[in-house]
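Hi,

Here is the structure I said I would pass on.

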Amino acid sequence: MRTRMLVSALVGIAALFAAEGAEAQTRRIRDSNWRQSERGSVQQGSPQRFALEIRFGLYYPAVDEEFGGTGPYSKFFGDKGRFHFGGEFDWQALRIPFVGSLGPGVGLGYTSATGKAFREGTYDAADGAYYYDDRRVGETSLTILPMHVSAVLRLDELFRRTGIPLIPFGKIGFGTGLWWVDVGEETAEVGTDDDAIKGIGLSYGVHWAVGGMLALDWLGRRSMAALDQESGINHVHIFGEWTNHNLGLGANQMKVGTSTWTVGLTFEM
């Protein structure tokens with residue numbers, strides 16, 4: 001049985017390479033045609049006007065920066081990065097000759113940290129006054145939705161003209177973060193009665209990022225052509241970027257931004 005499976009797998013791989021080889025041979029013949037007036041461009045199929053990113057990474061909220069690096073966030077939730085995911089949609093509104101595309105992009109993300117709350121009167125107690133576990137009760141969480149509107153420049157002209165699958169990009173714009181703190185099933189409050197302040201807010205600031213994309217067209221041009229024909233997706237890329245959300249620049253705003261690496265997939269259509 002294992003021998004049959006191995007033979008079947010080898011036959012499948014051989015067939016795949018044969019198909020790609022035949023396509024490459026056909027392409028060489030087509031590209032060598034003396035009557036062909038335009039060569040080298042990989043931009044074929046449907047028009048390309050938009051990009052959609054699916055994004056993942058670790059989020060390190062900058063809440064404790066104003067406390068010198070040790071503050072309420074690390075005390076409640078620790079200092080480990082929290083899983084972050086989100087999306088971004090770009091309109092490639094302008095194509096700059098010999099440079100690439102420029103246009104607006106909007107993004108939305110989600111991250112959440114959970115931990116145990118402190119018993120009343122024990123948060124500021126000196127170390128050793130209580131056993132650590134005796135000070136903690138119930139569950140509390142901080143949820144952050146980072147958002148941005150940015151100008152996005154993708155330097156993809158070299159890829160479009162030569163097929164070299166590396167595309168640098170940069171982003172800069174306005175960022176904001178909606179956040180809230182829950183204790184159990186309710187939004188946290190500080191104070192009592194009319195003076196109570198709910199643990200929910202909006203922090204705004206600057207968003208910027210730099211990174212690069214690796215186009216996956218070389219994995220199978222036939223498959224990419226079929227995907228374009230059926231769905232309008234021109235190219236698929238994997239990307240990595242250094243993301244900076246500098247949020248909390250206004251008065252009395254909590255710093256809920258981060259600086260971190262983000263990876264994901266980009267679909268151009």
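To start with something you can look up yourself: where is the place of Asn252? Asn252 sits in the loop between β11 and β12 (strands here are DSSP E runs of at least two residues and helices are H or I runs of at least four, numbered from the N terminus).

Before the rest, some ground rules. This is a predicted model, so to speak of a local feature I needed pLDDT of at least 70, and side-chain atom pairs count only at pLDDT 80 or more, while totals for chains, interfaces and linings use all residues. Residues are numbered from 1 along each chain as its sequence is written, and side-chain values use heavy atoms, with hydrogens and water left out.

Asn252 has a positive phi of about 55 degrees although it is not a glycine, and at 85% relative accessibility it counts as exposed (exposed is over 50% relative accessible area, buried under 20%, partly exposed in between, with a 1.4 Å probe and protein chains only). Phe98 is also not a glycine and has a positive phi, of about 65 degrees. You will find Phe98 in the loop between β3 (94–96) and β4 (100–118), exposed with a relative accessible area of 65%.

Now the strands (two pair if DSSP finds at least two bridges between them). β11 and β12 run antiparallel and are joined by 11 bridges; Phe239 has Gly264 in β12 as its bridge partner. Strand β1 (residues 50–59) also runs antiparallel to β12, with 7 bridges, and Leu52 stands opposite Phe267 in β12.

On to the rings. A search of the whole structure finds 8 aromatic pairs (Phe, Tyr and Trp rings, the six-membered one for Trp, with centres within 6.5 Å; planes under 30 degrees apart are stacked, over 60 edge-to-face, the rest tilted). The ring centres of Trp242 and Trp261 are 5.4 Å apart and their planes are at 70 degrees, so this pair is edge-to-face. It links distant parts of the chain, 19 residues apart: Trp242 is in strand β11 (residues 235–247) and Trp261 in strand β12 (residues 258–268). Trp242 is partly exposed at 28% relative accessibility, whereas Trp261 is exposed at 57%.

Elsewhere, ring pairs link Phe56, Phe83, Phe85 and Tyr110 into a cluster. Finally, Arg154 lies over the face of Phe169, 5.4 Å from the ring centre (the cut-off is NZ of Lys or CZ of Arg within 6 Å of the centre and within 35 degrees of the ring normal).

Cheers
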